[in-house]
Amino acid sequence: MIPKPQKQIIVSDLDGTLLDDNYRWEQALPSLERLRKLGFPLVPNSSKTLPEIQAIATALRTDAPLIAENGGLIAIPEDSPLIAACGAGENSAGYRLLFPGVSREHILQVAHDLRASHAYAFEGFADWSIETIIAHTGLTPEQALQSSQRRATEPILWNDSDENLAAFSAALAPHRIRLLRGGRFIHLMGLCDKADGLRAVADLYRTVFPDILWSTIALGDGANDLEMLNAADAAAVIPNTHGGPVLKPDHPHVFTASQPGPAGWHEAITHYLTP
């Protein structure tokens, strides 16, 4: 039998991993160009919203699916062959949208009802003006507007006790809502995560292109990337730009870069793609 050709699906976090603190990625350009030449899909997988990721994906020149809001939303380009395996779904801005979790509207209704009835002290994007989002995130006005356009998650700042946070989490669970700690915020979201997004996209490629042997490489730097790293065939840990703890995936194939951000990203891709 003729062996199947092998291809890698690169599934990457953005902030602090492929992007530095100034949202730049020049140090990763040699690896990005190498992936394009090899025909290896680059799939952004981020807590960012779809409008935020779309702008970055356009600049990165990737036409692969986008995984937004920590796996709560998967966007497949409408002109992608992968559409054939997607089934019915909502179309928006050139993408077929898939929602593995619950809607933001459902999350806000439940969370705000609990805040009113139990006096939990938290606030989130739905409570803030664009100016307040800018103050909390350091984003530009355009970026803050894009970040506010959420469909499947709600980032909050918790200003209450750990005991009340545990009680809040327990009260959300029957409504299929969970808490996920990110770098700056706690994200309220459905029962899905970045790992589910990685598996869903990999399944699409394997279904539509069965004559190719697909494997996944995941790259991340934060706690919300850990399950994604564990779910991939190979994992790359990028040191946190702010000196946080280095992730330790429970994985037999882990490479830890020596540098944060796009320099470390380039180092990791070079490691895995060098024969």
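**Close-up views of a predicted model**

**View 1. Ring pairs join Tyr120, Phe122, Trp158 and Phe168 into one cluster.** The model shown here and in the other views is predicted. It contains 11 aromatic pairs. In one of them, the ring centres of tyrosine 120 and tryptophan 158 are 5.8 Å apart and the planes meet at 45°, so this pair is tilted. Tyrosine 120 belongs to the loop between H3 and strand E7 (122-124), and tryptophan 158 to strand E8 (residues 153-158), so the pair ties together parts 38 residues apart in sequence. Tyrosine 120 is buried, at 8% relative accessibility. Tryptophan 158 is also buried, at 15%.

**View 2. Phenylalanine 125 and phenylalanine 185 form an edge-to-face pair.** Phenylalanine 125 has 5% relative accessibility and counts as buried. Phenylalanine 185, at 10%, counts as buried too.

**View 3. Two arginines lie over phenylalanine rings.** Arginine 115 places its charged end over the ring of phenylalanine 122, 4.8 Å from the ring centre. Arginine 150 lies over the face of phenylalanine 125, at 5.0 Å from the centre of that ring.

**View 4. Isoleucine 9 is a buried residue of strand E1 (residues 6-12).** Its relative accessible area is 1%, and under 20% counts as buried. Beyond neighbours within four places in sequence, isoleucine 9 contacts Pro41, Val43, Ala202, Tyr205, Trp214, Ser215, Thr216 and Ile217. Phenylalanine 209 is 200 residues away from isoleucine 9 in sequence, yet the C-alpha to C-alpha distance is 12 Å.

**View 5. The second largest pocket holds about 350 Å³ of space.** It is lined by 20 residues, of which Pro41, Thr62, Asp63, Ala64 and Tyr205 are the closest to its centre. Helix H1 (residues 29-38) supplies the largest share of the lining, 3 residues. By class, 13 lining residues are nonpolar, 3 are polar and 4 are charged.

**View 6. Helix H5 (residues 141-148) has Ala144, Gln146, Ser147 and Ser148 as its buried residues.** The elements that cover these residues include helix H2 (50-60), helix H3 (104-118) and helix H4 (130-137).

How values were computed: Residues numbered from 1 in each chain as written. Predicted model: local features only at pLDDT ≥ 70, side-chain atom pairs only at ≥ 80, totals over all residues. Heavy atoms only, no water. 1 Å grid on protein atoms, 1.4 Å probe; cavity = no way out; pocket = protein on both sides within 12 Å on 5 of 7 lines; lining within 4 Å. Points joined across faces, edges and corners; volume = space filled by probe spheres on them. Helix = DSSP H or I, 4+ residues; strand = E, 2+ residues; numbered from the N terminus. Nonpolar A, V, L, I, M, F, W, Y, C, P; charged D, E, K, R; others polar. Buried < 20%, exposed > 50% of the residue type's maximum accessible area, 1.4 Å probe, protein only. Contact = heavy atoms within 4.5 Å. Phe/Tyr/Trp six-rings, centres within 6.5 Å; stacked < 30°, edge-to-face > 60°. Lys NZ or Arg CZ within 6 Å of the ring centre and 35° of its normal.
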